[in-house]
Amino acid sequence: MRRRFFQICLLATGLLMTFLACGSYAASGDSSPITVVIDAGHGGFDRGGIPGQRVSEKDMTLDVARRLKSVLTASGYRVVMTRDSDVFVPLGTRCSIANSNRNAIFVSVHFNSATRGGASGIETYFYSRDSLALASAIHHYVVGGAPSGSRGVRRRGYFVLRRTNIPAVLVECGFLTNPTEAGYAQNASYRQKLAEEIAAGVRSRGSVASSFSTTRVATDETIPLQPYMDQTRVTQSKKSRSKRSARKSSRHKKKTSSKPAEMEARVASSDREG
Ligand SMILES: [Zn+2]
């Protein structure tokens, strides 16, 4: 009888332990926010990229975003899309959508562009400190799964990163102005791969940051804040602005540097939101 009682106690303890283990997993759940707000960059009249760009960024971002949604949903995440069709959604609205979700993270999907066709690679942006782990993890996986090189994890004050109050990351999945990377992006299985790697980053956001040392991680001290550009204005005034700046630069007669890398950096940081 006593033995029986002991066995029951043992069983009960086992059940209790299991329950507690599950409970703590669900509660901390690798500090799992359960909602992922996926933001497909651009849309509608805003094609993204630079004028004259052959491959439309807005279509690529939407496709990767939809694939990412499928992968994350299958992994048990709740997913909210800032857009799920070819429509223009203002940046402020994208942030409002993100901020209306509790216990959430925000992932903005973009592709890069530059006037120099040779520019290539993956780069991942964050703004707030609590977004760094997510940025590092996503970058780690996307770079690991892509044939493109790494341009690093960078801190920049993009609108959707500054105005979101949840961990927020913007990933640039390669240059559509680079023939090789544009070729990858136009391949559906490659876009699926990108989605799976971003999802892997989301899943392991708590564990990659500390072990990932190959990426040049920007800090407050090393990277100056970038002024944010409202994409609604940028898109509409892009032509006139570039004309103005062309006139300006001819007036200043090459006072500014003409190094390709610097040109590219200016284009990348000034022309658009991601
Ligand atoms: Zn973009």
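Leaving aside neighbours within four places in sequence, Arg67 is in contact with Arg191, Gln192 and Ala195, where contact means that the C-beta atoms, placed from the backbone, lie within 7 Å. Arg67 sits in helix α2 (residues 57-74); helices here are DSSP runs of H or I with at least four residues, strands are runs of E with at least two, and both are numbered from the N terminus. Gln192 is 125 residues away from Arg67 in sequence, yet their C-alpha atoms are 6.2 Å apart in space. Arg67 counts as buried because it has 21 C-beta neighbours inside 10 Å. The cut-offs are 20 or more other C-beta atoms within 10 Å for buried, 12 or fewer for exposed, and anything in between for partly exposed, again with C-beta atoms placed from the backbone.

A word on the source: this is a predicted model, in which local features need pLDDT of at least 70 and side-chain atom pairs count only at pLDDT 80 or more, while totals for chains, interfaces and linings use all residues. Residue numbers run from 1 along each chain as its sequence is written.

Now look for the sheet. It is open and built from 6 strands in the order β2-β1-β3-β6-β4-β5, with mixed pairing; two strands pair if DSSP finds at least two bridges between them. The edges are β2 (78-81) and β5, each of which pairs on one side only. Neighbouring strands are turned by 20° against each other on average, direction ignored.

Which strands does α4 lie across? They are β3, β4, β5 and β6, and α4 runs at about 170° to β4. Such angles go from 0 to 180 degrees between N-to-C directions, using axes fitted to C-alpha atoms, for helices over the stretch in contact. Helix α4 (residues 132-145) has 14 residues and reaches 20 Å from first C-alpha to last, close to the 20 Å expected, that expectation being 1.5 Å times one less than the number of residues. Of its 14 residues, 12 are buried, including Leu132, Ile138, His139 and Tyr141. The buried residues pack against β3 (104-112), β4 (122-126), β5 (150-155), β6 (168-175) and α7 (188-203).

Follow that last partner. α7 lies across β1 (35-40), β3 and β6, at about 145° to β3. Two packed helices are described by the angle between their axes and the distance between the axes. For α4 and α7, the angle is about 145° and the axes are 7 Å apart. Their crossing is right-handed, meaning that the near helix is turned clockwise from the far one by less than a right angle. Among the residues that meet are Ile138 and Tyr141 in α4, and Leu194 and Ile198 in α7. The residues of this contact divide into 8 nonpolar, 4 polar and 2 charged, with Ala, Val, Leu, Ile, Met, Phe, Trp, Tyr, Cys and Pro as nonpolar, Asp, Glu, Lys and Arg as charged, and the others, Gly among them, as polar.

Finally, visit two loops. His42, between β1 and α2, has a positive phi near 65° although it is not glycine. Asn103, in the loop between α3 (91-99) and β3, also has a positive phi, near 55°. Is each of them buried or exposed? His42 counts as buried because it has 28 C-beta neighbours inside 10 Å, whereas Asn103 counts as exposed because it has 12.

Methods: Contact = placed C-beta atoms within 7 Å.
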